[in-house]
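Subject: Handing over the model

Hi,

Here is the structure I promised to pass on to you.

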There are 2 protein chains.
Amino acid sequence: MKDSDTNMKYLFEPRGIAVVGASKSPGKIGHTVVKNIVCGGFRGNIYPVNPKGGEMLGLRVYEHLEAIDGRVDVAMIVVPAEVAFEAIQECAHKDVKFAVIISSGFSEVGNVAEELKIARFAREHGIRIVGPNVFGIYSAVSSLNATFGPADVKSGNVAIITQSGAIGIAMIGKTKVEGIGLSAMISVGNKSDVNEMDLLDYLTFQDDAKVILMYLEGVKSGERLVGVLKRATRKKPVIVIKSGRSSRGAQAAASHTGSLAGEDRVFDDVARQCGVIRAESIQEALNWCRFLADVPPPTGEDCVIITNGGGIGVLTADACEKYGVNLSDEVADLKRTFEDVMPSFGSAKNPIDLTGGASPDDYDRALVTALENENIDSVACLGCQTAAFDAQRFEQIAEERYAQFKPVKPIVFSLFGGEEVERSILGLKAKGIPVFPDVYEMTAFLGALYRDYRNKISSETEPAKAEIDVAAIKCAISRARADQRHFLLAREAQEVMRAANIAIPESRVAHSPEDAVRYAEEIGYPIVMKVISKDIIHKSDAGAVALDLVNKQEILDAYEAIMRNSRSYKSDAVIDGIQVDEMIQGGVETIIGARRDNSFGPTVMFGLGGIYVEVLKDIAFRAFPLSREETLNMIGQINSYPLLLGVRGDARKDIDEVADTIIKVGWILQNCAEISDIEVNPLVVYDHGDGVKAVDVRILLSESQEA
Amino acid sequence: MKDSDTNMKYLFEPRGIAVVGASKSPGKIGHTVVKNIVCGGFRGNIYPVNPKGGEMLGLRVYEHLEAIDGRVDVAMIVVPAEVAFEAIQECAHKDVKFAVIISSGFSEVGNVAEELKIARFAREHGIRIVGPNVFGIYSAVSSLNATFGPADVKSGNVAIITQSGAIGIAMIGKTKVEGIGLSAMISVGNKSDVNEMDLLDYLTFQDDAKVILMYLEGVKSGERLVGVLKRATRKKPVIVIKSGRSSRGAQAAASHTGSLAGEDRVFDDVARQCGVIRAESIQEALNWCRFLADVPPPTGEDCVIITNGGGIGVLTADACEKYGVNLSDEVADLKRTFEDVMPSFGSAKNPIDLTGGASPDDYDRALVTALENENIDSVACLGCQTAAFDAQRFEQIAEERYAQFKPVKPIVFSLFGGEEVERSILGLKAKGIPVFPDVYEMTAFLGALYRDYRNKISSETEPAKAEIDVAAIKCAISRARADQRHFLLAREAQEVMRAANIAIPESRVAHSPEDAVRYAEEIGYPIVMKVISKDIIHKSDAGAVALDLVNKQEILDAYEAIMRNSRSYKSDAVIDGIQVDEMIQGGVETIIGARRDNSFGPTVMFGLGGIYVEVLKDIAFRAFPLSREETLNMIGQINSYPLLLGVRGDARKDIDEVADTIIKVGWILQNCAEISDIEVNPLVVYDHGDGVKAVDVRILLSESQEA
């Protein structure tokens, strides 16, 4: 880890950079890259490389890499795909640390073999590859603009990692226009070696990056992703735009990147679990990036809205509910706090309505009052252009109070009106003060700030453990393998449940009426009985099943009836005994699933059974392992959760046991690499204290013998 | 109707306007209003009125209204609340048609009595009141800016009606900054007389208003609202921002306007039913207003995305799913259409990816191809700033093709990049071409365009009828009234169901075992029996209920057992007989509700029973009456609808009978003004063809004897 960190530093802070395929013809990529490096004021050495040699932009052009005297940490490769491999071979001779392959024409157009060949060679020779099919890299710390994008990049503290080159290049321009400064910008292209996780992990510990923005389509990092994301979000806000949210978008992403995006529901839940702030659109992400680095965290959950317009106050309250911002409801305290600063007919309920006649001084007093009150943790200040509203004066007050209280708590602003108001918005924005033209945008930002805050204050919990008898499970698996099966039989799956100490319905095999009675009494009534015979498939049709048996006599009668009916149904049937089972009744049906996700590795799923899953898709996902707290949080996320808490006079269900079972199922998957999928459906959940029962369990094995 | 239309015209096109309370002191509202009227270039006569007389802004100031010679169609009232009544009395003498009371200090601060007094007097004297507590009126058709807002209003074709004065004034400035032209802008304030419906109805038939935008908090127009909205949305797009979406926002709205906002779910469903395009935020509404008047409607549902960046293509596909825009999926046709205009490695799946190397000419060819193809109904064209992208040239092409194909089908654009791109966005915007900096904003607009299109092409359906025996219902109600009850007993509610021909479980009262057997056989097994006795409240505890009786012998045994148990439970109990009921089993439980909504008048509700309603809030609302098509649409709206279609091998349920029952329940409410609430819960729905049963019905009566 440490080692690769050090290495990655030279990608962002190379001492020398070569451009293999440098061109003297303006307009060519091989020219633009060199020009951008030069114009960007790169602090290290610049080595254009082209067999023709000569000079360009005042620099010597080297005929080949080996002709360079100094160290080359990074080589930008802009030669055609056909000769890229040769260039990488040259890099190996020159001990280049990173080759950034801008050239396209590889796996993105089906030329997978060439890409693999390069990647393999590079790995063998200790070269890390970025790309191919990238637009290059921008790194503020070394004033490096090694891209073929715009020459002019605004430096700052937002680091951007993008899976789309076009979006990356356009973002360089867009961030400049919007006044957002970048600390780094890099695209991952075809990810033949370095991927977004490597970059994220480096940027997590790179001080200039105060906020990280990622544009993702598909992620294929397996379980590493979860750890990297969790570590990153503890240190700084990580905003992710992931396209392919919709099924139509996922299809489009698949045809665009050639890799399936995976289930967006899983991504959404797990990203949230990791503390990621997910933005829907690029605009939203940029709105958040702009201020997140600078705005102080709230001191707690209670936000107060100050407004001079009731209408925009109400709209903001709506937006707060949408974006998970909690409005302070301490009416008495609010009244006391604001009574001196507002007119008698204004509202001292939150939103605090100073009314349309509010002057800048009224605002000032209300702001100071709110910011000094330690029961108020964040402030949203709204201004509607009215006859009494002086935008210029408001701007001054906002600036002054923002600066004064910045060490203490956040204030965000939204201003709505004409030209003067627009000017104030631009003025405040330019000073890095969070101001938005629309209250929904403002509140979305506040919501992002709160998500980051809640993630950072949440305690880092240890994964919950569970004892699993792995040997017993391997035994069941080996029987399936011996049988050439990729799934476990019901009985084998039950063995797996037992090995994890998960309760299953009791079951015995009786060979005599006396056996049956004894087992029934051990298990407890009511009982279900059925014949065990390979020769009788449709047991109910044969009259070889008996339900709801409640006493000894019924057991004896049923035994006799099942034997008689079985024989009359098929006289030569081989009967291996009669199964005596606990009858499952009552309880709430739930589902627990566990499988290896392409993006996140082991993940668990929970939902209520039957139509809740199938029709309403009311399910929650988490990456595994999980702490107990995270597990309970996952259970509480589903919409039908009140059914577990008990509605309409029903008792609370055994939620603790559900959590335990999720953890156990997760550990089965985690500890048994050969298992690819587990589904407990239904897991019947009884009243609190009465536990759960895994009634039906399906377990699939991975295709390969040993994973 | 016709008459009030004509009248309303003089509010927007007065021949003469007086300002009662005109002031010579700049900064005072009485000054600003006169100044704005003068500076706005009003085409009629302007009469400042102030007891001091004299002259202002080159106009004679009249000492009182009666001193004016010419017609005064509108009087702006800006005197203090205490003397407003006198001013209205003067208006009566002068035959003023409209008094617009800008003055505040009425019901909004609790001074309800004064407001009512003025409203009553005005009504008696044929004066219509706008306000009090409004900012005035802007009307482009007569160049009238009778507001105390900004002097400079951009004229155009968007009419705005607002319930918030502050938002209205700020919008005047905001629309100017954004380059959106207004045909009218008016606030309704306290709505002592003229309300948003009166204004909407007028603007529906006013040609300059091509798009109507309404900002609403609470609406109290009862059923009139539905008719006015439906009529308006047939003629032109009606965009509504309604605050108080969230429970917290609704509280804030209540404390702001003093009127409860009502259930937002009802508003949302009914507004959609009426063809309203609901915007969440002001920004979103303005984005839509700007272009909706001008962009042609799509020719059908199939949209094609053309892009030079895969990433923004995928994001747009996501946004299309979110905003209900259907992407064409005719892959073969798309391939044929675009194969000549794109590189071999681009994607001819929708989104059509021209790839990052696309030149303006490539775009041009792709655009023309798409626009000429009659299988493509609308086009979303995206541009990412790449090395090959020339924003200026793109702008020219976009302008040319937009103009060429404007009579045929819509094209919308989204451009993403740096300064040049920003310039092109501003350039296209200024020409009225729909272009957006973010693909989500673009797609939200396209979604609004499609919602308007779908509403306009939907056939105007006749309300479905149902025969209701109103006399029988009145009879049941009168019995409840005689009993001083505001609710019907179960038996009375059943009578109401019968009067509407809604199936209820069969039930008879037996007085002998023979009766019981006969009734059971008439009804059909299985049967439920229970004692009828006022003296036995807890019938199950008394052993006086028998379930699931399946033959004659069980009926006879049960009869005997119930009589015996009842007597031994309470020896002196008066037994009125034994109820013989159909046993309800199987089927899906649903709920139908009907009540009078404050905003919309009679509304009906439908959802699946039990936890679907209580926990998941999976319900749909509609204003009544409803066509059959609208009813089926309502049923199909709930998330759990697949349960009615039949999932997991279940048969399809009798959805037709559900629709019929919703219509019948609606007509009961509609025809019986004394009924305030009906809830059928559960309505059990059987398999298709097997009908429904209203198992439990609660009916509430309005407090007043005769509604």
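First, some housekeeping. This is a predicted model, in which local features need pLDDT of at least 70 and side-chain atom pairs count only at pLDDT 80 or more, while totals for chains, interfaces and linings use all residues. Residues are numbered from 1 along each chain as its sequence is written, and chains are lettered from A and ligands numbered from 1 in the order in which they are written.

**Where the chains meet**

In the contact between the chains, 74 residues of chain A touch 73 residues of chain B (two residues are in contact if their C-beta atoms, placed from the backbone, lie within 7 Å). On the chain A side, the helices that each supply at least two residues include α5 (165–178), α10 (282–292) and α16 (439–457). Helices (H or I, at least four residues) and strands (E, at least two) are DSSP runs, numbered from the N terminus. The largest share of that side comes from α11(A), with 11 residues. By class, the side of chain A that touches chain B has 34 nonpolar, 24 polar and 16 charged residues (Ala, Val, Leu, Ile, Met, Phe, Trp, Tyr, Cys and Pro count as nonpolar, Asp, Glu, Lys and Arg as charged, and the others, Gly among them, as polar).

**Domains of chain A**

Chain A is assigned domain 1 (2–291), domain 2 (302–439), domain 3 (461–501 + 585–707) and domain 4 (506–582); the bounds come from an automatic or database domain assignment. Between the C-alpha centres of domain 1 and domain 3 of chain A there are 40 Å. Their contact takes 14 residues from domain 1 of chain A and 12 residues from domain 3 of chain A. On the domain 1 side, α7 (224–235) and α9 (264–273) of chain A each supply at least two residues, and α9(A) gives the most, with 6 residues. That side divides into 6 nonpolar, 4 polar and 4 charged residues.

**Two helix pairs**

In chain A, α3 (residues 81–93) and α4 (residues 112–124) pack at an angle of about 5 degrees, with their axes 10 Å apart. Axes are lines fitted to C-alpha atoms, for helices over the stretch in contact, and angles run from 0 to 180 degrees between N-to-C directions. α3(A) is therefore roughly parallel to α4(A) (angles under 35 degrees count as roughly parallel). Their contact has 7 nonpolar, no polar and 2 charged residues.

In chain B, α6 (residues 196–204) and α7 (residues 224–235) pack at about 25 degrees, with axes 9 Å apart, so α6(B) and α7(B) are also roughly parallel to each other. Residues in this contact include M197(B) and L200(B) of α6(B) and V228(B) and A232(B) of α7(B). By class, the contact of α6(B) with α7(B) has 5 nonpolar, 1 polar and 4 charged residues.

**A sheet in chain B**

Chain B has an open sheet of 7 strands with mixed pairing, in the order β9-β8-β11-β10-β12-β13-β14 (two strands pair if DSSP finds at least two bridges between them). β9 (144–147) and β14 (277–279) of chain B stand at the edges, each with a single partner strand, so one side of each is left without a neighbour in the sheet. From one strand to the next, the twist averages 20 degrees. β8 (residues 136–139) of chain B runs antiparallel to β9(B), joined by 4 bridges; I137(B) has A146(B) as its bridge partner in β9(B). Helix α10 (residues 282–292) of chain B packs on the sheet, with a direction at about 170 degrees to that of β13(B).

Best wishes

How values were computed
Angles under 35 degrees count as roughly parallel, over 145 as roughly antiparallel, 65 to 115 as roughly perpendicular and the rest as oblique.
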